[in-house]
2 protein chains.
Amino acid sequence: MRLAAVSALAIVSVFGVAAIAQDSGAEADTAAPVDELHQLANELFEPIPSMVPAVEGNAVTREKVELGRMLWFDPRLSASGVLSCNSCHNLAMGGDDNLETSIGHGWQRGPRNSPTVFNAVFNVAQFWDGRAEDLRTQATGPIQAAVEMAATPELVLSVLNSMPEYQERFALAFPGEDEPLTFDNVARAIEAFEATLITPASRFDQYLEGNLNILSDEEKEGLQLFIDTGCAGCHAGVNLGGQDYFPFGVVERPGSEILPPNDKGRFAVTQTASDEYVFRAVPLRNVELTAPYFHSGKVWDLEQAVAIMGVSQLGADLSEEEVQAISAFLRTLTGEQPSVELPILPVSTPETPQPSPQVKNSLEPEDAVQDQTSVR
Amino acid sequence: MRLAAVSALAIVSVFGVAAIAQDSGAEADTAAPVDELHQLANELFEPIPSMVPAVEGNAVTREKVELGRMLWFDPRLSASGVLSCNSCHNLAMGGDDNLETSIGHGWQRGPRNSPTVFNAVFNVAQFWDGRAEDLRTQATGPIQAAVEMAATPELVLSVLNSMPEYQERFALAFPGEDEPLTFDNVARAIEAFEATLITPASRFDQYLEGNLNILSDEEKEGLQLFIDTGCAGCHAGVNLGGQDYFPFGVVERPGSEILPPNDKGRFAVTQTASDEYVFRAVPLRNVELTAPYFHSGKVWDLEQAVAIMGVSQLGADLSEEEVQAISAFLRTLTGEQPSVELPILPVSTPETPQPSPQVKNSLEPEDAVQDQTSVR
């Protein structure tokens with residue numbers, strides 16, 4: 001996690017909140033007999049903090065967040081003038097697009113399923129193969145990918161420089177900088193906004209914080225199974241995932257329908273044979289809102305996804321009841337969705353480049369996988 | 001205008017507010033010498049009311065507006081799961097998409113420029129050819145148009161019926177109805193939400209209401225020219241347009257680049273020869289936010305649009321200074337943009353039809369003009 005202790009907006013870091021949670025857990029322990037499952041859960045997982053976390057090397061200020069929200073919704077950051085960050089990471093729908101793979105410039109389909117942006121600030125790295133070390137690096141990818149927003153840094157800067165309000169807002173968001181309106185600062189403003197897109201207070205978080213009765217017996221059984229069967233071996237920490245890399249198919253590789261052979265995952269980043277079909281363990285926060293599942297987006301049903309994971313990652317042929325219980329537990333990970341006001345965007349000027357919806361060179365999805373800018 | 005006097009939400013009808021405006025104008029008159037331009041303006045135009053107007057036959061209730069806001073942003077109302085009402089009527093960008101013509105299903109281009117939804121409740125009828133008598137009739141068009149959202153009423157009802165929260169919200173929004181979740185009620189909820197999308201308090205409205213110094217000398221000169229040259233003959237009333245139909249080219253028909261010969265406007269609605277190339281006079285509220293201009297979307301520059309209108313509609317070869325002054329006046333029509341919170345949409349269920357982004361039968365723009373559902 002790239003989190004720092006000090007920020008203009010963030011009062012409590014995620015570690016601070018985790019500490020508070022453990023304190024209240026300890027308090028509950030003195031009054032009641034030790035609950036082993038609760039204790040174990042607090043060792044493996046952390047609640048989502050209720051405060052916006054700090055981001056290393058990028059102070060999350062009000063001005064930057066406000067600017068980032070505008071950029072997030074501005075379709076003029078795409079070549080066509082049609083697509084914005086929100087097109088594929090829809091904040092009204094769990095922070096993703098609920099499509100198998102996304103639709104981008106020219107109605108082209110991207111090669112991988114769009115991951116949710118909610119709580120993404122807590123992931124160790126971004127994209128399914130982790131090739132972006134932080135959200136600001138990630139943000140520069142889709143803007144430039146030919147099958148996504150199909151823009152260039154030059155186009156983005158021309159668009160933003162053409163509107164006096166954007167110039168002023170960049171100066172406010174990046175005070176003291178000689179040249180505040182840069183592509184890097186576009187990405188930093190978006191990252192700051194994304195840091196606010198956290199979903200605290202899920203039922204599971206309330207459980208971690210000491211409300212032991214908020215989970216049903218089936219959900220607790222699911223949590224116990226999630227730990228005992230080994231799911232938590234990869235899906236732990238604050239996001240129940242997003243922290244490390246594992247082959248899809250630790251025990252048994254899924255069929256080519258679910259694991260398309262042409263997408264070798266982290267191998268494309270490291271060129272290391274052992275990284276073939278390796279992906280970052282997916283964060284499971286709000287998983288009930290983010291179907292369809294897997295990097296291929298081929299599975300729509302949460303129960304089916306759990307069953308597939310059991311076989312492929314753990315060699316466990318989970319019973320129907322076990323799958324139900326684990327899925328019931330996973331549905332307790334849905335947190336409070338952020339409330340976001342649509343920005344009022346500055347009006348284009350005669351200097352604003354006009355939208356170019358035409359498709360210049362159509363990429364086949366197979367080629368697109370080779371084009372690293374276009375892969376999620 | 002389809003406005004009624006009584007509604008659960010609306011406290012003042014547009015007529016009521018106009019009356020107040022005239023009162024305060026009269027008050028100003030007792031203190032100062034009669035300002036002829038101000039008096040004339042108040043005879044020709046009305047301010048946008050500050051309260052949500054009533055809609056005839058569709059009470060604008062809180063529950064209906066809230067439901068309409070959800071439907072407005074829900075891309076599952078499109079066949080692809082990608083497009084929502086907001087795709088082409090972007091509430092962050094003046095209520096339209098700032099494209100020549102819109103991009104719809106399969107990246108197909110619609111045949112006409114997307115009109116702004118802001119203040120559309122005050123128009124006598126909807127679409128460029130006025131073929132929908134109200135917003136609820138209009139709302140059913142783009143959802144079904146093959147080049148726009150490409151859905152069917154059956155698909156929309158399957159989608160909405162699959163989510164318990166939508167079922168509950170329709171029951172709340174349409175109390176006492178045996179079957180609240182109907183396609184007609186989808187349109188009514190969207191219409192109720194659209195009735196809230198008004199932009200009061202423009203500088204021109206403040207002028208109408210008695211603040212005579214809020215317009216600059218050039219803007220007042222532009223207003224005078226707008227009246228004297230004859231612009232106000234078609235562009236009058238609360239929306240400065242949107243009330244009646246006129247040929248594009250009253251005096252001189254513009255070139256085929258601006259007036260494509262295959263789109264005969266209202267002729268397609270009435271089949272009357274005199275309606276060839278007839279369109280509804282465009283409402284000019286927020287016109288500085290809604291480039292490019294005309295039903296063809298071919299003109300990006302407001303000054304150029306004014307000059308073209310002078311020649312084609314009035315036979316007036318306006319000087320550069322006159323064009324500048326009229327354009328300066330038109331820029332005073334930008335009102336307070338509505339602040340809209342993004343809804344949190346209900347999660348899809350196993351019963352929700354999966355998105356179908358594939359394009360079934362691609363229509364050429366020429367054919368699309370013949371397909372009345374697809375024309376704006």
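Predicted model: local features only at pLDDT ≥ 70, side-chain atom pairs only at ≥ 80, totals over all residues.
I will start with the contact between the two chains. Chain A puts 37 residues into the contact, and chain B puts in 36. Together the chains bury about 3000 Å² between them, and 72% of that is on carbon and sulfur atoms. On the chain A side, the residues that lose the most area to chain B are A:Ala92, A:Trp107 and A:Leu342, which together make up 24% of what that side buries.

How many salt bridges are there between chain A and chain B? The count is zero. Over all chains, though, the structure holds 28 salt bridges.

Now some of those salt bridges. In general, side chains of opposite charge can pair when their charged atoms come close. Take B:Arg69 and B:Glu66, whose side chains meet in a salt bridge at 2.8 Å, N to O. These two residues are about one helical turn apart, because they sit three residues from each other in helix H3 of chain B, residues 62-73. B:Arg69 is buried, with a relative accessible area of 14%. B:Glu66 is at 26% relative accessibility, so it counts as partly exposed.

The next salt bridge joins the side chains of B:Arg131 and B:Asp129, at 3.0 Å, N to O. Which of these residues is buried, and which is partly exposed? B:Asp129 has 0% relative accessibility, so it counts as buried.

Next, the aromatic rings. A search of the whole structure finds 16 aromatic pairs over all chains. One of them is B:Phe170 with B:Phe174, a stacked pair with 6.2 Å from centre to centre and 20 degrees between the planes. B:Phe170 is buried at a relative accessible area of 0%, and B:Phe174 is buried at 3%.

Why is the pair of B:Phe204 and B:Tyr207 called stacked? The ring centres of B:Phe204 and B:Tyr207 are 6.2 Å apart and the planes are at 20 degrees, so the pair counts as stacked; the cut-off for stacked is under 30 degrees. B:Phe204 and B:Tyr207 both belong to helix H9 of chain B, residues 203-208, where they are three residues apart, about one turn of the helix. B:Phe204 counts as buried at 0% relative accessibility, and B:Tyr207 counts as buried at 0% too.

In chain A, ring pairs link five residues into a cluster: A:Phe45, A:Phe204, A:Tyr207, A:Phe226 and A:Phe329.

A ring can also have a lysine over its face, as with A:Lys264, which lies over A:Phe267 at 5.9 Å from the ring centre. In chain B, B:Lys264 lies over the face of B:Phe267, at 5.9 Å from the ring centre.

Last, a note from a record. An unreviewed UniProt entry carries the annotation "domain: Cytochrome c" for residues 217-334 of chain A. In the model, that span is 34% helix and 5% strand, and its end C-alpha atoms lie 18 Å apart.

Note on methods
Residues numbered from 1 in each chain as written. Chains lettered and ligands numbered in written order. Heavy atoms only, no water. Phe/Tyr/Trp six-rings, centres within 6.5 Å; stacked < 30°, edge-to-face > 60°. Buried < 20%, exposed > 50% of the residue type's maximum accessible area, 1.4 Å probe, protein only. Helix = DSSP H or I, 4+ residues; strand = E, 2+ residues; numbered from the N terminus. Lys NZ or Arg CZ within 6 Å of the ring centre and 35° of its normal. UniProt positions renumbered as here; feature names shortened; annotations may be inferred. Contact = heavy atoms within 4.5 Å. Buried area = accessible area lost by both parts, 1.4 Å probe. Salt bridge = Lys/Arg side-chain N within 4 Å of Asp/Glu carboxyl O.
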